[in-house]
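Here is a short report for a reader meeting this structure for the first time. Keep the sequence and the 3D view at hand.

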Amino acid sequence: MRDIAVFTGSAHPELAAEICEHLGVPLLPTRISRFANDCIEVQLEGNCRERDVFLIQPLVPPTQEHLAELLFMLDAARGASAGRITVVLPHYAYARSDKKDAPRISIGGRLVADLLTTAGADRVLAMTLHSPQVHGFFSIPVDHLHALRELAHHFRGYDLSNTVVVSPDLGNAKEAAAFARLLDIDVAAGAKQRFADDKVVISSVIGEVADRDVIVLDDEIAKGSTVFELLARLRERNVRSVRVACTHGLLTDDAVQRLAAEKEIEEIVCTNTVPIPPGKRHEKLTVLSVAPALAEAMRRIHNGESVSALFV
């Protein structure tokens, strides 16, 4: 591919390298350094002038550090006369801050979208935003991908004759229903209330799950609080087995080990939108790659082709 320049920060260089391998272009170097007063300085060590520039950077812990890197990368690309700058956000962490659900609370999803635009982004390529309204926080074009095809391809390798997809809450039920259609199986949902970041209550499960194999589908798993609460309700209904699937496997602290220790959970499936450190690997954890999907979307953006056609 000609006239394309791809850079990445320090958040997930392995994913960026895999995307570039699928595109058949080099991953251009980025130099990130600090002054004595701890201020960040970024230099894009590749030609940007009048080129189609893609900046790949998921917002993962340390989230604020990686956000600052991305903003400085945007400023550097704009100052280098890039023809167009596309931010590739495999994981947009601030998408969870999408509503005013308490007095005097900040809405980080909108603020960070404004920061990216102000810093120089012309468009955004995102993967599985936390909620549909986050798309509208951006005043620039957003191409919103999902990983349902990759997850469905994986689960088609199992006997699904007695399987049901379960969404932990009604907010994710639409995605769960789309996933169930891909697999041609039933769908159910939990009735969830969230009282704090790590405290949720699921009062019931709507749908037929008794004596069935369950695939729990969520957009992301951090501490796993929602999954553990849902698992308690599924136990009450005597489900046969549970497999857990999500796009963003943040899996903070010892979440992988705690989930894997539950005898009903046979497998935990996530994608590589966020890096999975070696210490969090487990024999029950399966990581699928979204690099081909992101690379194809980037190719289509560069060539002016339809990205929505990827989901037809």
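Between domain 1 and domain 2 the count is 1 salt bridge. A salt bridge here is a side-chain nitrogen of Lys or Arg within 4 Å of a carboxyl oxygen of Asp or Glu. The model is predicted: local features need pLDDT of at least 70, side-chain atom pairs count only at pLDDT 80 or more, and totals for chains, interfaces and linings use all residues. Residues are numbered from 1 along each chain as its sequence is written, and side-chain values use heavy atoms, with hydrogens and water left out.

The domain assignment gives domain 1 as 4-145 and domain 2 as 148-288. Such bounds come from an automatic or database domain assignment. The C-alpha centres of domain 1 and domain 2 are 28 Å apart. To the contact, domain 1 gives 12 residues and domain 2 gives 11 residues; contact means heavy atoms within 4.5 Å. Together the domains bury about 1,100 Å², with 53% of it on carbon and sulfur atoms. Buried area is the accessible area (1.4 Å probe) that two parts lose on being put together, summed over both. On the domain 1 side, His91, Arg96 and Thr128 supply 48% of the area buried against domain 2, more than any other three residues.

## A UniProt feature

An unreviewed UniProt entry places the feature "domain: Ribose-phosphate pyrophosphokinase N-terminal" at residues 5-120. UniProt positions follow the numbering used here, feature names are shortened, and annotations may be inferred rather than shown by experiment. Over residues 5-120 the chain is 34% helix and 22% strand. The end C-alpha atoms of this stretch are 16 Å apart. Helices (H or I, at least four residues) and strands (E, at least two) are DSSP runs, numbered from the N terminus.

Helix H2 covers residues 63-79. Its 17 residues reach 24 Å from first C-alpha to last, close to the 24 Å expected at 1.5 Å a residue. The expected span is 1.5 Å times one less than the number of residues. Buried residues of H2 include His66, Leu70 and Met73. Buried means under 20% relative accessible area, exposed over 50%, and partly exposed in between (1.4 Å probe, protein chains only). The cover over the buried residues of H2 includes strands S1 (4-8) and S5 (84-89) and helix H3 (108-119).

Pro62 sits in the loop between S4 and H2. A cis peptide bond joins Pro61 to Pro62, with omega about -5 degrees. Most peptide bonds are trans. Just after H2, Ser81 has a positive phi of about 65 degrees.

Helix H8 spans residues 291-303. It has 13 residues and reaches 18 Å, close to the 18 Å expected. Among its buried residues are Leu294, Met298 and Ile301. Gly304 follows H8, with a positive phi near 70 degrees.

Which residues does Asp143 contact, leaving aside its neighbours within four places in sequence? They are Arg123, Val124, Leu125, Ala126, Ile301 and Val307. Asp143 lies in strand S7 (residues 142-145). Its relative accessibility is 14%, so Asp143 counts as buried.

## Salt bridges

The count of salt bridges comes to 21. Asp98 pairs with Lys99, the closest N and O atoms being 3.1 Å apart. Asp98 is buried at 7% relative accessibility, whereas Lys99 is partly exposed at 43%.

Glu266 pairs with Arg243 at 2.9 Å. Glu266 lies in strand S13 (residues 265-271) and Arg243 in strand S12 (residues 241-249), so this pair ties together parts that are 23 residues apart in sequence. Glu266 is partly exposed at 40%; Arg243 is buried at 16%. Elsewhere, shared partners join Glu229, Arg233, Glu236 and Arg237 into one network of salt bridges.

## Two loop residues with positive phi

Most residues other than glycine have a negative phi. Asn238 is not a glycine, yet its phi is positive, about 55 degrees. Asn238 lies in the loop between helix H6 (225-236) and S12, and is exposed at 52% relative accessibility.

Asp253 also is not a glycine and has a positive phi, about 50 degrees. Its loop runs between S12 and helix H7 (255-260). Asp253 is exposed, with a relative accessible area of 60%.
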